[in-house]
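Reader: I am new to this structure. Please take me through how to read its features, one at a time.

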Amino acid sequence: MILPIVGYGDPVLRKVGEEITPEYPNLKEVIANMYDTMYNAYGVGLAAPQIGLAIRLFVIDTEPFSDSEDLTSDEQEQLKGFKQTFINAKMLKEEGEEWSFNEGCLSIPDVREDVYRNEKITLEYLDEDFNKKTVEYDGLIARVIQHEYDHIEGILFTDKIATLKRTLIKKKLQNIMDGKARPDYRMRFFNKKGR
């Protein structure tokens, strides 16, 4: 089921997510709905706070990045085959050189900015079947994970850009809060009457 994506300004996007157990109500359904919602909005990642749930859960499918001509064929293959659910993730390490990439967010439509992130991460998480994993990621996959991981920590990509850039996008952010953004997917806006 496709759910509305929570827009910038909603307090749920600023909450640190709670850990969940296998008994979390309708978890398989929540995960399936998150994938449906992400694909409908042409996203590569979606975190639970973006559908209004302050829990430590996010999903990723990097296939849309796999057709970039800037990548080697190995990188394209890696991105094509990467689809993963992350439960109760914990960042163990962020290392390597910081590099810039133009990021966007489904909760902040029509805003894209260059964000610097470390090239390599080590993440501990539970998969959909609650198997514990500790995995090292790098490149674009690491970046997408870092972006979604920030969501479960109550951090948005706009927090990571220069103050001047934040000032320049202030009006766009206010328009999102007021429900004036018009993405081609369903959203729930914080200030809009009758939400």
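Author: Keep in mind that this is a predicted model.

Reader: Is P11 buried, partly exposed or exposed?

Author: The classes rest on relative accessible area: under 20% is buried, over 50% is exposed, and partly exposed is in between. P11 has a relative accessibility of 42%, so P11 counts as partly exposed.

Reader: What separates the C-alpha atoms of P11 and E128?

Author: A distance of 27 Å separates them, and along the chain the two residues are 117 residues apart.

Reader: How should I read a sheet?

Author: Strands of a sheet pair through backbone hydrogen bonds, and the pairing is either parallel or antiparallel. In this model, five strands make an open sheet with antiparallel pairing, and their order is 2-3-4-5-6.

Reader: Which strands stand at the edges, and why is one side of each left without a neighbour?

Author: The edge strands are strand 2 (45–47) and strand 6 (132–138). Each has a single partner strand, so one side of each has no neighbour in the sheet. From one strand to the next, the twist averages 45 degrees.

Reader: How many bridges join strand 2 to strand 3?

Author: Three bridges join them, and the two strands run antiparallel; strand 3 covers residues 57–61. As one case, L46 has V59 in strand 3 as its bridge partner.

Reader: Which strands does helix 1 touch?

Author: Helix 1 packs on the sheet and touches strand 2, strand 3 and strand 4. The direction of helix 1 makes about 45 degrees with that of strand 3.

Reader: Where is Y42, and what is its phi?

Author: Y42 lies in the loop between helix 1 and strand 2. Y42 has a positive phi of about 55 degrees, although Y42 is not a glycine. With a relative accessible area of 69%, Y42 is exposed.

Reader: How is a pocket found?

Author: Rolling a probe the size of a water molecule over the atoms shows where empty space is left. Here the largest pocket holds about 420 Å³ of space. Its lining has 24 residues, and those closest to the centre are V44, G104, C105, L106 and R112.

Reader: Which element gives the largest share of the lining of the largest pocket?

Author: Helix 3 does, with six residues. Strand 4 (83–105), strand 5 (108–126) and helix 3 (139–152) each supply at least two residues of this lining. By class, the lining of the largest pocket divides into 12 nonpolar, seven polar and five charged residues.

Reader: What is the volume of the second largest pocket, and which residues lie nearest its centre?

Author: The volume of the second largest pocket is about 290 Å³. It is lined by 16 residues, and L71, E75, W99, G139 and L140 lie nearest its centre. Two or more lining residues come from each of helix 2 (73–80), strand 4, strand 5 and helix 3. The lining of the second largest pocket has eight nonpolar, three polar and five charged residues.

Conventions:
Residues are numbered from 1 along each chain as its sequence is written. This is a predicted model: local features need pLDDT of at least 70, side-chain atom pairs count only at pLDDT 80 or more; totals for chains, interfaces and linings use all residues. Side-chain values use heavy atoms; hydrogens and water are left out. On a 1 Å grid over the protein atoms alone, a cavity is a set of points where a 1.4 Å probe fits but cannot get out, and a pocket is an open set with protein on both sides within 12 Å along at least five of seven lines; lining residues have an atom within 4 Å of a point. Grid points are joined across faces, edges and corners, and a volume is the space filled by probe spheres set on the points. Helices (H or I, at least four residues) and strands (E, at least two) are DSSP runs, numbered from the N terminus. Ala, Val, Leu, Ile, Met, Phe, Trp, Tyr, Cys and Pro count as nonpolar, Asp, Glu, Lys and Arg as charged, and the others, Gly among them, as polar. Buried means under 20% relative accessible area, exposed over 50%, partly exposed in between (1.4 Å probe, protein chains only). Two strands pair if DSSP finds at least two bridges between them. Axes are lines fitted to C-alpha atoms, for helices over the stretch in contact, and angles run from 0 to 180 degrees between N-to-C directions. Contact means heavy atoms within 4.5 Å.
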